[in-house]
Structure formats: C-alpha cells, structure tokens
Amino acid sequence: MQQGYYVGTNKEQLDLALIHEVLVSSYWAKGISKGAVKTSIDNSMCFAAFDLKQQQVAFARVVSDYSTVAYLADIFVLEDHRGKGLAKAMMHRIMAHPKLQNVRRFKLATKDAHELYRGFGFNQISDPNLYMER
C-alpha cells in the first residue's frame with residue numbers, strides 16, 4: 001500500500017453519506033436506501049481506508065457469526081485512489097482479523113475482481129447446485 005493511507009475499523013470514522021453515494025450507483029446495491037446502508041453497517045464488521053487528512057477513500061464490510069460463515073460485501077475504492085494497493089490492504093486486514101480466523105466458509109460475490117480475491121484464497125464455487133438465492 002502506498003504511504004499516506006491507513007486501514008481502520010472504527011465505525012465512528014465512517015462517512016455514511018460517501019458509502020451510500022458509492023453503493024446506490026454500484027451494480028451490486030443499485031438503488032439501496034441510506035437507511036439500509038446504515039443498518040448494514042450497524043450489523044457488520046467494517047473496514048475502511050483513509051488518507052492522512054482522515055478522508056475515507058475505501059470501504060468493505062463482513063457479515064459473520066465468527067464461527068461457521070462470513071460474507072464479504074460492499075468493498076470499493078474511490079476511483080482517484082485506485083491502483084495504490086488499498087483493496088489489498090483492506091483484504092489483508094480482513095483476513096488477519098482475530099474474529100475471522102476460525103470461520104469455516106468465507107463467501108463473496110464479484111463481477112470484476114476475481115484476481116484480487118484469488119490472491120487471498122477465494123475460488124469459484126465448487127458445486128453451484130448447492131447454492132440458492134432469493
């Protein structure tokens with residue numbers, strides 16, 4: 001990761017308006033309400049990257065029972081800060097978090113970042129016939 005950034009987990013530092021602005025126009029959360037974003041943050045483990053001016057520039061959250069399953073969601077890096085290793089830095093922090101060390105199954109969905117996640121041990125679903133969604 002380039003100098004001048006840090007990854008934190010303090011929810012009080014999160015910029016809810018920024019997170020909502022990015023998610024509402026994303027392919028995975030298009031149209032999501034600000035209330036839904038706040039509820040998702042309240043009920044998740046959150047990670048964010050900040051510049052040295054304390055401005056949030058990236059975000060990720062994990063939904064988990066800390067034992068059997070975890071789901072990585074809503075990960076993004078603002079366009080002006082891409083290519084600086086921020087997604088990798090957040091992934092390292094997520095994968096090293098003590099509460100997530102004994103999770104049996106870690107899941108995520110992506111259209112365009114397969115190589116990033118493969119670097120952290122994620123693979124295609126081995127048997128898609130097992131999974132359903134609503």
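Gln 54 is found in the loop that runs between strand 2 and strand 3. The model described here is a predicted one. The phi angle of Gln 54 is near 70°, which is a positive value in a residue other than glycine. Gln 54 counts as partly exposed, because its relative accessibility of 46% falls between the limits of 20% and 50%.

A positive phi also occurs at Asp 74, where the angle is near 55°, again in a residue other than glycine. Asp 74 lies in strand 4. Is Asp 74 buried or exposed? Asp 74 is buried, since its relative accessible area is 10% and the cut-off for buried is under 20%.

**Asp 51 in strand 2**

Strand 2 covers residues 45-51, and Asp 51 has its place there. Leaving aside neighbours within four places in sequence, the residues in contact with Asp 51 are Gly 4, Tyr 5, Tyr 6 and Val 57.

**Helix 3 and its cover**

Helix 3 spans residues 86-96, and its buried residues include Leu 86, Ala 87, Ala 89, Met 90, Met 91 and Ile 94. What covers these buried residues? The cover includes strand 1 (5-8), strand 2, strand 3 (56-64), strand 4 (69-77), strand 5 (105-108) and helix 4.

**The segment after helix 4**

Leu 130 is found in the segment after helix 4, a helix that spans 114-118. Leu 130 is exposed, because its relative accessible area of 64% is over 50%. Together with Ile 125 and Tyr 131, Leu 130 forms a nonpolar patch on the surface, and the three have about 320 Å² of accessible area together.

Gly 121 also has its place in the segment after helix 4. With a relative accessible area of 53%, Gly 121 is exposed. The C-alpha atom of Gly 121 is separated by 17 Å from that of Gly 85, and the two residues are 36 residues apart along the chain.

The table lists the relative accessible areas given above.

| Residue | Relative accessible area | Class |
|---|---|---|
| Gln 54 | 46% | partly exposed |
| Asp 74 | 10% | buried |
| Gly 121 | 53% | exposed |
| Leu 130 | 64% | exposed |

Note on methods: Residues numbered from 1 in each chain as written. Predicted model: local features only at pLDDT ≥ 70, side-chain atom pairs only at ≥ 80, totals over all residues. Heavy atoms only, no water. Patch = residues over 30% accessible without salt bridge, like charges linked within 9 Å, V, L, I, M, F, W, Y side chains within 5 Å. Areas by Shrake-Rupley, 256 points an atom, 1.4 Å probe, with all protein chains shown as cover. Salt bridge = Lys/Arg side-chain N within 4 Å of Asp/Glu carboxyl O. Helix = DSSP H or I, 4+ residues; strand = E, 2+ residues; numbered from the N terminus. Buried < 20%, exposed > 50% of the residue type's maximum accessible area, 1.4 Å probe, protein only. Contact = heavy atoms within 4.5 Å.
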